[in-house]
Amino acid sequence: MRIMNTEMNIDTGCIPFEEYIKVEELAFAYVPSQKICSYFEPMESLVNGTVFPSLYKPYK
Amino acid sequence: MDKNQLLKRLTVLDFIAVDLQLYLDTHPDDTEAIDKYNSVIKEADMLRMKYEELIGPLYSFRSANMGDTFKWVETPWPWQPSANFNINEEDNK
């Protein structure tokens, strides 16, 4: 499971976390709850298509 | 701020407001995100009013009409290039 970087955001004291999910059964989909702390800059988010860095996954 | 910058900033803010709303759907008690959401829609509403006073209506059914002729039909239609903007080089940084 990819762990988000969990260092505290210095100026806001916000700690991003990703809920740990114990895989109960195979072939089940699990969506971890993720707390977001950092955002893209306004124009950057329109260009990237999301305001959340953790969701930005361009195919390069 | 000229028309293009105003419209670009307004579009960016509305885009962020939608993304934050989607996040808040599943994180309704994240106060940091709520604060950010409130500041984004506050600025967006302010820019929307300014745009509609200076340039023209953004909605056909809820924009105050300036003057005694119906501006919605006189100003460019939403799909016309002149009613939109381009994302250009310095935005892509």
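1. Contact here means heavy atoms within 4.5 Å. On that basis, 15 residues of chain A and 17 residues of chain B make up the contact. Before going on: this is a predicted model, where local features need pLDDT of at least 70, side-chain atom pairs count only at pLDDT 80 or more, and totals for chains, interfaces and linings use all residues. Residues are numbered from 1 along each chain as its sequence is written, and side-chain values use heavy atoms, with hydrogens and water left out.

2. How much area is buried between chain A and chain B? About 1,400 Å², with carbon and sulfur atoms giving 71% of that; buried area is the accessible area (1.4 Å probe) that two parts lose on being put together, summed over both. On the chain A side, the most area is lost to chain B by Tyr39(A), Met43(A) and Leu46(A), which together account for 37% of what that side buries.

3. On charge pairing, the rule (a side-chain nitrogen of Lys or Arg within 4 Å of a carboxyl oxygen of Asp or Glu) finds one salt bridge across the interface of chain A and chain B. Lys35(A) pairs there with Glu32(B), and their closest N and O atoms are 2.8 Å apart. By class, the chain A side that touches chain B has nine nonpolar, five polar and one charged residues.

4. Over all chains, the structure holds six salt bridges. One of them joins the side chains of Arg9(B) and Glu43(B) at 2.9 Å, N to O. That pair links distant parts of the chain, with Arg9(B) in helix α1 of chain B and Glu43(B) in helix α2 of chain B, 34 residues apart. Helices (H or I, at least four residues) are DSSP runs, numbered from the N terminus.

5. Now the pockets. A pocket is an open set of points on a 1 Å grid over the protein atoms alone, where a 1.4 Å probe fits, with protein on both sides within 12 Å along at least five of seven lines; lining residues have an atom within 4 Å of a point. The largest pocket is lined by 20 residues, and Leu7(B), Tyr51(B), Pro57(B), Leu58(B) and Ala83(B) lie nearest its centre. α1(B) gives the most to that lining, with five residues.

6. Which residues lie nearest the centre of the second largest pocket? They are Gln34(A), Leu55(A), Tyr23(B), Thr26(B) and His27(B), from a lining of 14 residues.

Notes. Chains lettered and ligands numbered in written order. Nonpolar A, V, L, I, M, F, W, Y, C, P; charged D, E, K, R; others polar. Helix = DSSP H or I, 4+ residues; strand = E, 2+ residues; numbered from the N terminus.
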